[in-house]
Amino acid sequence: QVQLVESGGGLVQAGGSLTLSCEAAGTIFGINDMGWYRQAPGKQREMVADITSGGSTNYADSVKGRFSISRDNAKNTVSLQMNSLKPEDTAVYYCNAVINFDGAAYIDFWGSGTQVTVSS
């Protein structure tokens with residue numbers, strides 16, 4: 001069984017920084033895209049940043065220049081460095097990964113979420 005284990009959320013003042021980390025654990029044959037999504041109260045879940053196995057990245061316009069995503073393919077981890085945080089970044093952040101766990105198809109997996117709260 002595959003699990004995505006997130007860490008690093010918390011409370012920070014506006015202008016501060018946080019780093020989120022996520023490790024894919026279990027029997028894994030391969031991982032394609034990895035990424036971070038967030039969901040604020042009353043809003044739909046949205047993509048924050050994602051990264052391909054080759055290292056190509058994609059960011060939501062709202063976080064470009066402030067957030068940076070990276071991954072370690074050897075360790076099956078993905079991280080999100082968040083700088084210059086704003087109150088509107090407050091949300092539950094979810095790790096996502098497209099994983100081949102049985103040698104056949106690639107399936108979407110989600111972490112349970114970690115809360116990020118930015119105070120003004």
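**View 1. Serine 84 in the loop between β8 and β9.** In this predicted model, serine 84 belongs to the loop that links β8 to β9. Its phi is positive, at about 50°, although the residue is not a glycine. Most residues other than glycine have a negative phi. The relative accessible area of serine 84 is 41%, and because this value falls between the limits of 20% and 50%, the residue is classed as partly exposed. The C-alpha atom of serine 84 is separated by 9.3 Å from that of leucine 18, although the two residues are 66 residues apart along the chain.

**View 2. Asparagine 76 in the loop between β7 and β8.** Asparagine 76 is placed in the loop between β7 and β8. With a phi of about 55°, asparagine 76 is a residue with a positive value that is not a glycine.

View 3. Leucine 18 is part of strand β3, and its relative accessibility of 15% is under 20%, so the residue counts as buried. When neighbours within four places in sequence are set aside, the contacts of leucine 18 comprise Gly8, Gly10 and Val12, then Leu80, Gln81, Met82 and Leu85, and finally Val116.

**View 4. Glycine 10 in strand β2.** Strand β2 covers residues 10–13 and includes glycine 10, which counts as partly exposed because its relative accessibility is 26%, between the limits of 20% and 50%. Outside the four places on either side in sequence, glycine 10 is in contact with Leu18 as well as with Gln115, Val116 and Thr117.

**View 5. Leucine 80 and the largest nonpolar core.** The largest nonpolar core holds 31 residues, and the members that touch the most others are Trp36, Leu80, Met82 and Tyr93. Two or more residues each come from β3 (18–25), β4 (30–39), β5 (46–51), β7 (67–72), β8 (77–82), β9 (91–100) and β11 (114–119); of the elements, β9 gives the most, with five residues. In soluble globular proteins, nonpolar side chains tend to be buried together. Leaving aside neighbours within four places in sequence, leucine 80 is in contact with Leu18, Thr19 and Leu20, with Trp36, with Val48 and Ala49, with Phe67, Ser68 and Ile69, and with Tyr93.

**View 6. The whole chain as a setting for the close-ups.** The protein has 11 strands and zero helices, and from the N terminus on its elements run β-β-β-β-β-β-β-β-β-β-β. The radius of gyration is 14 Å, close to the 14 Å that the globule rule gives for 120 residues, so the protein is as compact as a globular protein of that length. Taken along the principal axes, the box filled by the C-alpha atoms is roughly 45 × 25 × 25 Å. Of the 120 residues, 40% are buried, and among contacts with a separation of 6 or more, 55% join residues 24 or more positions apart. The accessible surface comes to about 6,200 Å², with 45% of it belonging to carbon and sulfur atoms. There are 8 positive and 11 negative side chains, and the centres of these two sets lie 7 Å apart.

Methods
Residues numbered from 1 in each chain as written. Predicted model: local features only at pLDDT ≥ 70, side-chain atom pairs only at ≥ 80, totals over all residues. Heavy atoms only, no water. Core = buried A, V, L, I, M, F, W, Y, C linked by side-chain atoms within 4.5 Å. Buried < 20%, exposed > 50% of the residue type's maximum accessible area, 1.4 Å probe, protein only. Helix = DSSP H or I, 4+ residues; strand = E, 2+ residues; numbered from the N terminus. Contact = heavy atoms within 4.5 Å. Rg over C-alpha atoms; globule rule 2.2 N^0.38 Å. Areas by Shrake-Rupley, 256 points an atom, 1.4 Å probe, with all protein chains shown as cover. Lys, Arg positive; Asp, Glu negative; His and termini not counted. Charge placed at Lys NZ, Arg CZ, Asp CG, Glu CD.
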